[in-house]
Amino acid sequence: TPAGCRMWTLAWLGITSLCVGAVWAVPAKEERRKAEKIKADLALYENLDLDNYDLTLDNYGEILDLSNYEELYDYGDLAPKIEVGTLAPRPKDPVALPDLSPTAETPKLQPPTAAIPARPAPIPMKGESSLSSCLLCLCIGTSVYCDDADLEHIPLLPPETTYLYARFNRIGAVRAGDFVGLKNLKRIDLSSNFISWAHADAFRLLPSLQELILPENRLTALPELPRSIVWLDARLNRIPSTGLRPEAFRDLKQLQFLHLSDNQLDYIPAPLPESLRSLHLQNNNIQTMHEDTFCDSHDHSQIRRALEDIRLDGNPINLGLFPNAYFCLPRLPTGRFS
């Protein structure tokens, strides 16, 4: 009937309008959701204070404070000039990552390599390669650094060694053969060890030795020195005057620095070579001197221009009692004059 047809047509139009409305409603809802998310993100970033993350040269020091950095070791007198701060740790060999694929074989555990010992390696004995000392110490060019390596003996050194630093160890003695054949050795620094004895020939046969540094040990006598020596530092030991050979420094024509402070000396070890520039004898037990200790009392025209630094403070001697002992010096010794 006509009425039935109209009812069917109205029903069909209603269903169609609902479907079209649903199709257009989905994109509109998605757009609203995206807009709300952008607003939320902007609100979040507005609350962040990004000024504190602005790294400039002005605030760099506040982030990385380098003001307490100190140079612990000074090797400033190497040739060529090299200044070394804290020793850098010995570089580690790169370790290959194991293959963990299902077809890979189970890797076999290898013993640790000798190049990076977890503990100090044994001291090489005579007859072994001197290169093994560079596993225990640090070799850079012709310099060998063995500081704080828990040594009890001086290791066998490469024959081309020029500078040896073996400070802060437990070395108790210097043996006759410790430096045999080291013709290029210029400097030996054995500061802060337990050395109580050094063989008479331990240093005497070194033709190039210029600097022998032995402070803070337990020496009671000085061995014979080579004539090439320029600087001898044996402060803070236990050396009495009887521990020095008679006229021990007379023939050392290149000696410029003689530092024997904080020992047990009873007198000034004269005669002193004309080359001497600095004599440190403070904090000993020196009570008297001869008028010829520094100057020739029979030659009043003598002038010792080089000897400008004499330290006798901390001794019981009254320097004012020897007014004729200093006429050839460019300046008076440091000490008590009354």
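Biologist: Why does Asp148 count as exposed?

Modeller: Exposed means over 50% relative accessible area, buried means under 20%, and partly exposed is in between, with a 1.4 Å probe and protein chains only. Asp148 has 56% relative accessibility, so it counts as exposed. One caution on the source: this is a predicted model, in which local features need pLDDT of at least 70 and side-chain atom pairs count only at pLDDT 80 or more, while totals for chains, interfaces and linings use all residues. Residues are numbered from 1 along each chain as its sequence is written, and side-chain values use heavy atoms, with hydrogens and water left out.

Biologist: Where is Asp148 found, and what is its phi near?

Modeller: Asp148 sits in the loop between strand E2 (143-145) and strand E3 (163-165). Helices (H or I, at least four residues) and strands (E, at least two) are DSSP runs, numbered from the N terminus. The phi of Asp148 is near 50 degrees, a positive value in a residue other than glycine. Asn283 has a positive phi as well, near 60 degrees, and is not glycine either.

Biologist: Why does Asn283 count as partly exposed?

Modeller: Its relative accessible area is 38%, so Asn283 is partly exposed. Asn283 is in the loop between E10 and E11.

Biologist: What makes Leu209 count as buried?

Modeller: Leu209 has 0% relative accessibility, so it counts as buried. This residue is in the loop between strand E6 (197-198) and strand E7 (211-213).

Biologist: Which residues is Leu209 in contact with, leaving aside its neighbours within four places in sequence?

Modeller: Contact means heavy atoms within 4.5 Å. By that rule Leu209 is in contact with Leu185, Lys186, Arg187, Ile188, Phe203, Pro226, Ser228 and Ile229. As for Lys183, its C-alpha atom is separated from that of Leu209 by 8.4 Å, and the two residues are 26 residues apart along the chain.

Biologist: How do you know that Cys134 and Cys139 form a disulfide?

Modeller: A disulfide is called where a pair of cysteine sulfur atoms lies within 2.5 Å. The sulfur atoms of Cys134 and Cys139 are 2.0 Å apart, and the pair forms a disulfide. Cys134 has 24% relative accessibility and so counts as partly exposed; with 26%, Cys139 counts as partly exposed too.

Biologist: How many disulfides does a search of the whole structure find?

Modeller: The search finds three disulfides. Another pair is Cys137 and Cys146, with sulfur atoms 2.0 Å apart. Cys137 counts as buried because its relative accessibility is 1%, and Cys146 is buried with a relative accessible area of 1%. Cys295 and Cys328 also form a disulfide, their sulfur atoms 1.9 Å apart. With the bonded cysteines numbered in sequence order, the pairing is 1-3, 2-4, 5-6.

Biologist: Why is the disulfide of Cys295 and Cys328 called left-handed?

Modeller: The torsion about its S-S bond is about -85 degrees, so the disulfide of Cys295 and Cys328 is left-handed. Cys295 lies in the loop between strand E10 (278-280) and strand E11 (309-311) and Cys328 in the segment after E11, so the pair ties together parts that are 33 residues apart in sequence. The link of Cys134 and Cys139 is left-handed, with -90 degrees about the S-S bond. The link of Cys137 and Cys146, with 105 degrees, is right-handed.

Biologist: Which residues touch the most other members of the largest nonpolar core?

Modeller: A nonpolar core is a set of buried Ala, Val, Leu, Ile, Met, Phe, Trp, Tyr and Cys residues joined through side-chain atoms within 4.5 Å. The largest one has 59 residues, and Phe179, Phe249 and Phe294 touch the most other members. Beyond its neighbours within four places in sequence, Phe294 is in contact with residues including Ile268, Leu272, Tyr326 and Cys328.

Biologist: What kind of peptide bond joins Ala270 and Pro271?

Modeller: The bond between Ala270 and Pro271 is cis, with omega about 0 degrees. Pro271 is in the loop between strand E9 (257-259) and E10.
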